[in-house]
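User: I would like to learn how to read cavities, pockets and a ligand site. Please take me through an example.

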Amino acid sequence: MKRVVIAGGGVAGISCALALQADGHSVTVLEPGPVGEGASWASCGCIAVGEIVPLSQPGMLMKVPGWLLDPEAPLSLRPASALRLLPWFTRFTANSLPSRMRAIAADLARLTFAATADFKAQLTDIGAPELLVERPVIKLFDDERDKATMGAAFDLARELGCTIDDISGQEAHEMEPALASDFKYASVLRDWSFVADPKRLVEQLMRAFVQRGGTVVPLACAGFERDGARVNAVRASDGRLLAADEVVIAAGAHSKGLARQLGIPLQLEGVMGYSTGLQDAGVDLKHTVFYPAGGFGITPYENELAVAGTLEFASLSAAPKWRRADVLVKRAYRVLPGLQDSRRSRRMGRRPFTPDTRPIIGRTGRLANVSFATGHGQLGLTLGATTGRLIADVIAERPRETWSSVFGPDRFQGT
Ligand SMILES: Cc1cc2nc3c(=O)[nH]c(=O)nc-3n(C[C@H](O)[C@H](O)[C@H](O)COP(=O)(O)OP(=O)(O)OC[C@H]3O[C@@H](n4cnc5c(N)ncnc54)[C@H](O)[C@@H]3O)c2cc1C
């Protein structure tokens with residue numbers, strides 16, 4: 001039995017906590033924020049199996065210059081961050097080479113194809129199977145040109161085993177009568193599903209962890225006490241020291257600063273996204289629906305309809321620009337003409353993104369007892385349970401596939 005201290009109690013951290021607890025370890029989670037209000041809260045809630053083609057795909061990159069000039073575009077960059085982001089963007093763009101895209105997609109396929117089974121096992125374990133809604137996702141396209149922007153990504157995903165059916169806009173309208181009837185094309189992503197409420201998910205995971213004897217310290221991790229290549233203790237923001245045999249960094253977008261304190265350079269950016277929950281939305285929607293041209297998705301959570309999306313590059317301390325959330329709601333009328341938005345609540349989340357779109361899961365070779373569970377970008381909810389399982393394997397030194405060079409934190413060395 002080891003004393004494991006985890007920095008961060010979002011979906012990644014708490015999933016690690018439960019998996020490590022199941023292995024018999026004594027686990028403490030440092031989480032300074034309200035539980036469940038990390039990036040997951042602002043997400044589209046999808047278990048996005050097969051969302052494996054990196055964002056750096058050429059179709060996407062070609063749109064970027066136009067988007068940067070438009071403050072309401074699906075992707076934006078705050079000017080104050082431009083210079084700082086240059087190295088990240090350079091690496092991100094380098095990953096648009098077909099050979100790299102393919103390699104990344106194959107790696108992410110390995111992970112996401114395990115996600116549904118891992119997530120189901122996690123939900124069964126905590127007695128909340130109803131949190132998984134097993135319905136495919138629909139993507140909507142205005143016309144031929146719009147659909148073509150996804151063509152290469154869909155082809156690669158299909159080649160790697162994803163099930164994506166092309167249907168007409170009319171057929172999509174028949175599946176979901178609340179949708180506008182003038183979309184020309186749609187695709188149904190059969191491997192996907194969604195979470196009934198991402199905040200409730202994290203809360204219930206946390207509750208199960210505590211009920212089983214886990215400790216939650218409602219403070220931030222502020223630093224580490226080291227003895228050579230070993231971290232002996234984690235320092236909380238009130239100065240107290242938590243003795244540790246193993247440390248897991250799972251602080252989402254904030255993991256980069258913690259890694260820096262340990263001398264480990266992570267290429268990680270917190271990319272802001274927004275979500276507006278609409279209560280009494282006035283439409284009946286059963287599936288998550290994405291409108292890629294508008295840069296958002298709409299998910300029918302158990303208590304509200306959430307309109308979520310956009311990628312905004314800004315510093316970790318930047319305040320949200322709520323106008324971006326409002327723009328998404330305005331655009332959502334294109335998809336759901338009968339929408340009502342008088343009762344709404346807005347959220348912002350920072351997706352922890354690496355330039356190669358691969359998460360950071362595994363132990364660093366630089367220190368004897370520090371592992372990472374972060375960098376999931378737009379796949380954090382999808383991969384939470386899988387990440388927990390993998391980190392438990394790492395700490396138990398259970399034989400497994402060799403993930404470390406692909407997903408490990410040391411791949412950024414020399415950067
Ligand atoms: C608009 C949008 C749509 C998305 N859609 C999807 C989707 O459909 N499917 C999907 O899989 N993913 C989606 N995502 C991504 C997903 O939400 C994230 O990848 C995921 O929530 C990241 O989880 P995390 O636990 O790593 O980080 P977080 O949820 O951010 O949790 C990190 C936690 O660490 C804590 N913390 C910060 N600093 C410290 C510190 N110093 N010490 C201790 N704790 C600290 C924070 O308080 C926080 O609770 C979306 C995200 C956004 C914004």
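User: Which residues line the second largest cavity?

Analyst: First, the ground rules. This is a predicted model, where local features need pLDDT of at least 70 and side-chain atom pairs count only at pLDDT 80 or more, while totals for chains, interfaces and linings use all residues. Residues are numbered from 1 along each chain as its sequence is written, and side-chain values use heavy atoms, with hydrogens and water left out.

Now the idea. On a 1 Å grid over the protein atoms alone, a cavity is a set of points where a 1.4 Å probe fits but cannot get out; lining residues have an atom within 4 Å of a point. Here the lining is Glu51, Ile52, Val53, Pro54, Leu55, Leu108, Thr357, Gln378 and Leu379. By class, that is 6 nonpolar, 2 polar and 1 charged. Gly counts as polar and Cys as nonpolar in this scheme.

User: What volume does the second largest cavity have?

Analyst: A volume is the space filled by probe spheres set on the points, with points joined across faces, edges and corners. This cavity holds about 40 Å³. The count is 2 cavities of 30 Å³ or more.

User: What about the second largest pocket: which residues line it?

Analyst: A pocket is an open set with protein on both sides within 12 Å along at least five of seven lines. The lining includes Ser15, Asp118, Gln122 and Arg389. Its space is about 210 Å³. Two or more lining residues come from each of α1, α4 (98-126) and α11; helices are DSSP runs of H or I, at least four residues, and strands are E, at least two.

User: Which residues are closest to the ligand?

Analyst: Near means that a heavy atom lies within 4 Å. By that test 35 residues surround the ligand, and the closest are Glu31, Cys46, Cys221, Gly377 and Thr382. The shell has 17 nonpolar, 16 polar and 2 charged residues.

User: Where does the ligand lie relative to the domains?

Analyst: Domain bounds come from an automatic or database assignment. Domain 1 (3-40 + 200-267 + 357-412) and domain 2 (51-113 + 129-193 + 269-353) both give residues to the shell, so the ligand lies between them.
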